[in-house]
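Here are my notes for your first pass through this model. Please keep the structure open as you read.

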Amino acid sequence: MDPTLHTTARLKEGSLKVKSFFGRWKKGWFAITNDGKLLQFKTPESQKAQHSHRLGSYKVSDYRSILNKENCIALNKKNKETRILQTNTEAEFWAWLELLQRFSNSGSSPILDLENFSLGAVSSDKLGVILGANQQACRLFGFTMEELVGQNVTIFIPPVIASIHDQLINRYLRTGDRRLIGASRVLSGLRKDKTEVRLHFSLGEYLEEGQLRFVATFRQITDATESSDSDGEGNSDDTTSPPTTIL
């Protein structure tokens, strides 16, 4: 059997940017399998991996403070050049980091601590039942932690779009359509006092004891954040090149 043909279940997959320590950023499609391998594919639809690496021989670490760049994860192996992965959003960063460290020789995997997030963050199960939230999310929406845990995430969503949210989640669970995962979107959130707030929203996914979990991050949109976003347009990262070899 072709060793690069992988039919093993993929625990997580998605588009990431990758670079060597001194190289340029490139885009690639990556997957983590349930037998602890990191795979790189030419396209999301590919069944044959271009490269396959067993994570048990690598150390995986949070590299944001080293590069002074958001959402970066380093993969280190003896006598190999460090490679760095970057996710599109903070929600996806924590989801990828948890799985990569779970299978690596970096020690015990970290518990997903929502207080580590720089934005408001909420975790839920696949049915949308809230499992936890950080203090930023509590302040943003005006709830206490006790009021949130056990509620459905639609508590944050205006009724006019709550049903659309449920339809999108159900479609993802039924078909694997990944358009919800990773991308940042602008939407309206609903506070406890029933006032609405404009938000940048992103959704990530991770596994906990074999169960699918979601983690959402929220950032309130203000005149200041809109100005900052405009200033950040047109960065120099190369995001249009074809996938690069990893590790």
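1. Start with the second largest pocket of this predicted model. Its lining holds 33 residues. Nearest the centre of the pocket lie I157, H165, I169, L180 and F201. Find these five before you go on.

2. How much space lies in the second largest pocket? The volume is about 600 Å³. Rolling a probe the size of a water molecule over the atoms shows where empty space is left.

3. Which element gives the most to the lining of the second largest pocket? Helix α5 does, with 10 residues. That helix spans 159-175. β8 (120-125), β10 (184-190), β11 (196-208) and β12 (211-220) also supply at least two lining residues each.

4. Now sort the lining of the second largest pocket by class. Nonpolar residues number 18. Eight are polar, and seven are charged.

5. Look at one pair in detail. β1 covers residues 10-20 and β2 covers residues 26-33. Eight bridges join them in the antiparallel sense. Within this pair, K12 stands opposite I32 in β2.

6. Finally, check the confidence. Mean pLDDT for the protein chain is 80, and 79% of its residues reach 70 or more. Among the elements, helix α3 (residues 135-141) has the highest mean, 96. Helix α6 (residues 223-231) has the lowest, 54. Over residues 230-247, pLDDT stays under 50. The model has 33 contacts beyond four places in sequence for that stretch.

Notes:
Residues numbered from 1 in each chain as written. Predicted model: local features only at pLDDT ≥ 70, side-chain atom pairs only at ≥ 80, totals over all residues. Heavy atoms only, no water. Pairing = 2+ DSSP bridges. Helix = DSSP H or I, 4+ residues; strand = E, 2+ residues; numbered from the N terminus. 1 Å grid on protein atoms, 1.4 Å probe; cavity = no way out; pocket = protein on both sides within 12 Å on 5 of 7 lines; lining within 4 Å. Points joined across faces, edges and corners; volume = space filled by probe spheres on them. Nonpolar A, V, L, I, M, F, W, Y, C, P; charged D, E, K, R; others polar. pLDDT = per-residue confidence, 0-100. Contact = heavy atoms within 4.5 Å.
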